[in-house]
Amino acid sequence: MPLGRKSRIMVVDDENYICRIVVDTLGSTDYDIVSFTDPQKALDFLAVDTVDLVLTDLMMGEYSGLQVLETALENHPDIIVVLMTAHPTVQTAVSVLKRGAYDFLIKPFKLELLLQTVRRGLGHQKIVRDNLSLKSQVQFLKVVNAFFDTGTDINQYLEMVLRSCNAELLAQASAVIEINPGTGEIVRKVCETTFKDKASVVVDSQLLDQFRDTRSGAPKVVTKAKMVDGRQHYEILVSQPILVRRTLYGVINVLIESRQENIPAGQMDILLLLASSASSAMANQKLYSDLQQSYFQVISALTNSIEARDKYTAGHTDRVTRLAEQVARHIGWTEKRLVTLRMGCTLHDIGKIGVPDAILNKPDKLTETERKKMMSHPRLGMKIIRGIELLKASRPYIIAHHERYDGKGYPKGLSGKEIPIEGRLLAVVDTFDAIISDRPYRPGATVDVAVRELVENSGSQFDPKMVTAFLEVLRLGKLDLVKLYSREMDLSCLDEMPVIEMAPV
Ligand SMILES: [Fe+2]
């Protein structure tokens, strides 16, 4: 039963004095009572309005209490129906109980017995409703926790809780609107609905704005009555603010179409659970993102320090990251994957921290020992980030960017698709940048030379699909090479390239 609402009891009897007695007996207590001497009016009322318990006469001229019982159960599955009869038989009693009646009273009945039966019936109904609500909440928590444990990203997590919310609250649509608690700017809107026309209702930013100046966690409910197929329905829009340490992080909006005017308390409990779950997820996400940002800044400073030592590769990391990002976009990688890519590319040569300056800056050919030391940088890089959970996704970039498609690369000698795709992508742009960038001892090669090098080694050193994707990115002009390398470039070779259609990789 909704919070603050009295149980509604309906009395149906074609004898007015019975209705009066019941109303007089129960009316002095905490019930909301409606009585009907016309059974048809009672049936109409049951079809459109909320009733918790019905007391109905069994025989009412052309009407039967069984009709009332059936209509009541059809419209309100957990309703309590008590039949009243002056002519009881065992057969009648068994029959009405079998059809779903809760109990029956034999007229004339003592008023105390009437009160007891009503109290017992409503008590039973409360237990059933509480159990149902508890079952829903437990089910909801199980689903949420199982999903949360998998470390899924916040969008998927919120979609899942909203789907669960729609199922448990019988909602037509639900949405989360998230803001940056610092700036108040909306950062995310996630909506779940099978009714497309309802989506705009729950993602309306004004539903969030109503909580901007409040620190209260109380929900706001807007109920609109409407007629559907001649029956009274209600469209209930509940907005539950999401607060983290009394700071507004967003709102959850749920749209429920119901025959009932109010939302049962158990369902409101589920919504509170959802809000609390979403607030934890959002707070964690912010913490994670802040921490990742801090790590990233520290690591960027570290890689800058490598480039400061290695006078041949100034700006290399930044350029390689930009080149790789464009290729990744071209082959359809998600924004989430691009975040990892930026981190992985920035970190890919982090292992050079462990390579002595004399080797890094040696203009001549390296000795075998020096070459081995240089070739140890992917493994050294892995050692450096080992144990840092936030940098875990950078591993394939670090370990695999010197592998070759034909298996002759290092450190593992992997070949083909054994090499993580991140390594196959990075190998192409890493080489392109190495060829084309200026070095103190030589000017950078032309785009034509670099492109030919990639094409000639496609299938041996490089994954042909990655070479194709990169050349397409160049041909489509998605990279401003002049700006990237701060020098004039002859890009005419790109005009001659054939158009290549490729599926996302
Ligand atoms: Fe490297």
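This report describes the domains, cores, selected helices and strands, and backbone exceptions of a predicted model.

**Domains and cores**

The domain assignment divides the chain into domain 1 (8–129), domain 2 (151–282) and domain 3 (310–495). Taken over C-alpha atoms, the centres of domain 2 and domain 3 are separated by 46 Å.

The largest nonpolar core has 38 residues, and the members that touch the most others are Ala324, Val327, Val428, Val429 and Phe470. At least two residues of this core come from each of helix H10 (316–330), helix H11 (335–347), helix H15 (395–400), helix H16 (421–436), helix H17 (447–456) and helix H18 (464–475). Apart from this core lies another, of 37 residues, which includes Cys191, Val202, Val251 and Leu255. In soluble globular proteins, nonpolar side chains tend to be buried together.

Within the largest core, phenylalanine 470 is one of the members with the most partners. Beyond its neighbours within four places in sequence, phenylalanine 470 contacts Val327, Val428, Val429, Phe432 and Leu454.

Helix H6 spans residues 154–169, 16 residues in total. From first to last C-alpha it reaches 22 Å, close to the 22 Å expected at 1.5 Å a residue. The buried residues of H6 are Tyr157, Leu158, Val161, Leu162, Ser164, Cys165, Glu168 and Leu169. These residues lie on the same side of H6, because they cover an arc of only 160 degrees around the axis. Leucine 170 follows H6 and has a positive phi, near 50 degrees.

Leucine 274 belongs to helix H9 (residues 265–309). With 25 other C-beta atoms within 10 Å, leucine 274 is buried. Its contacts, leaving aside neighbours within four places in sequence, are Val161, Cys165 and Ile252; Val161 and Cys165 are also among the buried residues of H6. Leucine 274 and leucine 162 are 112 residues apart in sequence, with 8.2 Å between their C-alpha atoms.

Strand E10 (residues 220–228) lies largely in the open, because the number of buried residues among its nine is zero. E10 and strand E11 (residues 231–244) run antiparallel and are joined by nine bridges. In one of these pairings, methionine 227 has glutamine 232 in E11 as its bridge partner. Two residues lie between the strands of this hairpin, and aspartate 229 in the turn has a positive phi of about 50 degrees.

**The loop between H15 and H16**

Glutamate 403 sits in the loop between H15 and H16. It counts as buried because it has 28 C-beta neighbours inside 10 Å. Beyond neighbours within four places in sequence, glutamate 403 is in contact with Gly409, Lys412, Leu414, Ile419, Gly423 and Ala427. Between glutamate 403 and proline 77, the C-alpha to C-alpha distance is 66 Å, with a sequence separation of 326 residues. Proline 411 is also in the loop between H15 and H16.

**Backbone exceptions**

Most residues other than glycine have a negative phi, and most peptide bonds are trans.

| Cis peptide bond | Omega | Location of the proline |
|---|---|---|
| Lysine 107 to proline 108 | about -10 degrees | loop between strand E7 (103–106) and helix H5 (111–149) |
| Tyrosine 410 to proline 411 | near 10 degrees | loop between H15 and H16 |

Serine 486 has a positive phi, near 50 degrees, and lies in the loop between helix H19 (481–485) and helix H20 (492–495). Serine 486 is exposed, with 8 other C-beta atoms within 10 Å.

How values were computed: Residues are numbered from 1 along each chain as its sequence is written. This is a predicted model: local features need pLDDT of at least 70, side-chain atom pairs count only at pLDDT 80 or more; totals for chains, interfaces and linings use all residues. A nonpolar core is a set of buried Ala, Val, Leu, Ile, Met, Phe, Trp, Tyr and Cys residues joined through C-beta atoms within 7 Å. A residue is buried if 20 or more other C-beta atoms lie within 10 Å of its own, exposed if 12 or fewer, and partly exposed in between; C-beta atoms are placed from the backbone. Helices (H or I, at least four residues) and strands (E, at least two) are DSSP runs, numbered from the N terminus. Two residues are in contact if their C-beta atoms, placed from the backbone, lie within 7 Å. The expected span of a helix is 1.5 Å times one less than its number of residues. The arc is that of the directions from the helix axis to the C-beta atoms. Domain bounds come from an automatic or database domain assignment. Two strands pair if DSSP finds at least two bridges between them.
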